[in-house]
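User: I would like to learn how to read the surroundings of a ligand and the packing of helices. Could you take me through them slowly?

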Amino acid sequence: MSKVLVTGAAGFIGSHLVDRLLVEGHEVVGVDSFTGYYARNIKRRNLSRALVHKRFRLVEGDLCRMQLRAICEGVDRIAHLAGEPGVRSSWGEPFEIYLERNVYATQRLLEAVSASGTRRFVYASSSSVYGPDGGGPVAEDATRRPASPYGLSKLAAEELIDLYGRERGVPATVLRYFTVYGPRQRPEMAISRFISLASRGEAVEVFGDGTQMREMTYVSDVVDATVAALEARPGDRPRVYNVGGGSRTTVGNLVELVGEALGERPEVRYETRVPGDVHSTWADLRRAARELGYEPRVSLEEGVGAQIRWALAERRAPSLA
Ligand SMILES: NC(=O)c1ccc[n+]([C@@H]2O[C@H](COP(=O)([O-])OP(=O)(O)OC[C@H]3O[C@@H](n4cnc5c(N)ncnc54)[C@H](O)[C@@H]3O)[C@@H](O)[C@H]2O)c1
């Protein structure tokens, strides 16, 4: 058993990671500031299983303000998932929030980690650091040319991690997640919105013409890769891995999949393409397979089915009614 710190513990992916680490027998400290990106009650609910577990402790606080040295003391491994997500909202004024929550928060945490005995630091980065691909699978050493301020903030955090790895010996790994879905998916993400609207018989909003291709990664696969990275032996320098789901689909096809699973034929309303939304994402997973033993297990059909079952059950749950 080891002591693991998970930042962003109340979020979509963070809460699944916490649940898995508890099942595997670890002691887990979760940090989250419950930002207003989406509702606090959804995040509390994400943690409902963990909050009653005796090996879990939640520290509510902002990484940009709290005393981090004390939090990192005695922690063996850190999974840093806290951050401000979302390509669409990262343009304009709100970029300040992205700088703070994605860049400054990471730098503060790295300072604390470099002064502690933490054995492993894993960062949740994003496929958004690549920008447009050339129409084929993208390997980790491909050019990084983010198409959105969000992608740029994640890339800046990666660079900080590389710097603290080289100069201050932080034993870090960077994981670039590709569109993650499954139960607890953030409410503004595509599949969440499609389920919510189509199941009420309302028109589904698609940004762009629906031909964008996405590499889709089921959340338990992302958790597998993150746990593997937390357990792997540190290299001399921070190492980067793509974490994809091995399935690609167009956004238009996703609407159809959701509709079929719900027994509905949703009307689609096409909206202007979101600036920074790339046409295609495609992960080359060979490095993650070779070095982390990572292999995605959940097919798109299984995963979408699981998310729909979860979403419908949540809607029936009394506390969210
Ligand atoms: N969901 C995806 O498809 C996806 C894809 C690529 C990368 N990522 C990355 O994975 C991570 C988790 O994403 P998610 O989808 O679970 O998002 P999420 O918004 O559900 O979770 C992030 C959590 O971090 C917390 N947080 C933000 N800033 C904080 C701060 N300064 N101090 C403490 N807590 C803070 C938020 O309250 C939230 O609960 C993010 O870093 C995101 O950039 C997600």
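Analyst: Let us begin with the general idea: a residue is near a molecule if its C-beta atom, placed from the backbone, lies within 6 Å of it. This is a predicted model, and in it 30 residues surround the ligand, the closest being G8, G11, F12, G83 and S126.

User: Which elements give two or more residues to the shell around the ligand?

Analyst: They are α1, β2 (27-32), α5 (95-114) and β5 (120-126), and the largest share, three residues, comes from α1. Sorted by class, the residues of the shell divide into 15 nonpolar, nine polar and six charged.

User: At what angle do helix α1 and helix α8 pack?

Analyst: Helix α1 (residues 12-23) and helix α8 (residues 219-231) pack at about 60 degrees, with their axes 10 Å apart, and α1 passes α8 in a right-handed crossing. On the α1 side the contact involves I13, H16, L17 and R20, which meet V219, V222, V223, T226 and V227 in α8; by class, this contact has six nonpolar, two polar and one charged residues.

User: Why is α7 called oblique to α9?

Analyst: Angles under 35 degrees count as roughly parallel and 65 to 115 as roughly perpendicular. Helix α7 (residues 190-198) and helix α9 (residues 251-262) pack at an angle of about 40 degrees, with their axes 10 Å apart, and therefore α7 is oblique to α9. Here too the crossing of α7 past α9 is right-handed. Residues of α7 in the contact include F194 and I195, while those of α9 include L254 and V258, and the contact has ten nonpolar, one polar and no charged residues.

Terms used:
Residues numbered from 1 in each chain as written. Predicted model: local features only at pLDDT ≥ 70, side-chain atom pairs only at ≥ 80, totals over all residues. Axes fitted to C-alpha atoms, helices over the stretch in contact; angles between N-to-C directions. Helix = DSSP H or I, 4+ residues; strand = E, 2+ residues; numbered from the N terminus. Left-handed = near helix turned anticlockwise from the far one by under 90°. Contact = placed C-beta atoms within 7 Å. Nonpolar A, V, L, I, M, F, W, Y, C, P; charged D, E, K, R; others polar. Parallel < 35°, antiparallel > 145°, perpendicular 65-115°, else oblique.
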